[in-house]
Amino acid sequence: HRDLHKEYRRQRQMCIRDRDFARFSGNQVRIETAESQNGQRRFVGKLLGLDEDHVLLSVTNRNNSVKDLTIPFKKVARAELVLTDDVIRDTLKKRKS
């Protein structure tokens with residue numbers, strides 16, 4: 001359990017690099033921007049990837065409608081994976097390989 005937590009922390013730290021946005025596409029992420037984007041700085045949603053110099057994110061609003069967002073990569077101050085069963089399963093598979 002402790003090793004998995006260390007691996008998760010390492011993956012959270014790695015997620016900020018541009019190539020990792022493609023690698024972790026499809027996973028839940030938390031993104032914090034340096035500046036407000038449409039009145040908001042913190043976003044949680046499904047990472048769709050990186051398109052040129054923009055992070056693509058699908059978020060569910062309070063009224064349960066899904067919205068795709070485009071956030072300039074240079075405005076991302078922090079990005080981390082949300083620990084889910086899929087992330088744990090993928091991490092364990094990579095260890096066994």
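This is a predicted model: local features need pLDDT of at least 70, side-chain atom pairs count only at pLDDT 80 or more; totals for chains, interfaces and linings use all residues.
Local features require pLDDT of at least 70, side-chain atom pairs count only at pLDDT 80 or more, and totals for chains, interfaces and linings use all residues. Residues are numbered from 1 along each chain as its sequence is written, and side-chain values use heavy atoms, without hydrogens and water.

**The sheet**

Strands are DSSP runs (E, at least two residues) numbered from the N terminus, as are helices (H or I, at least four residues); two strands pair if DSSP finds at least two bridges between them. In general, strands of a sheet pair through backbone hydrogen bonds, either parallel or antiparallel. Here, five strands form an open sheet in the order β4-β3-β2-β1-β5, with antiparallel pairing. Two of them are edge strands, each pairing on one side only:

| Edge strand | Residues |
|---|---|
| β4 | 66–72 |
| β5 | 76–81 |

Strand β2 (residues 40–51) pairs with strand β3 (residues 54–60) over five bridges, in the antiparallel sense. Asp51 stands opposite His54 in β3.

**The lining of the largest pocket**

The lining divides into five nonpolar residues (Ala, Val, Leu, Ile, Met, Phe, Trp, Tyr, Cys and Pro), two charged (Asp, Glu, Lys and Arg) and six polar (the others, Gly among them). Strands β2, β3 and β4 each give two or more residues to this lining.

Asn27 lies in the loop between α2 (18–23) and β1 (28–37). Leaving aside residues up to four places away in sequence, Asn27 touches Gly45, Lys46, Leu47, Leu81 and Val87, where contact means heavy atoms within 4.5 Å.
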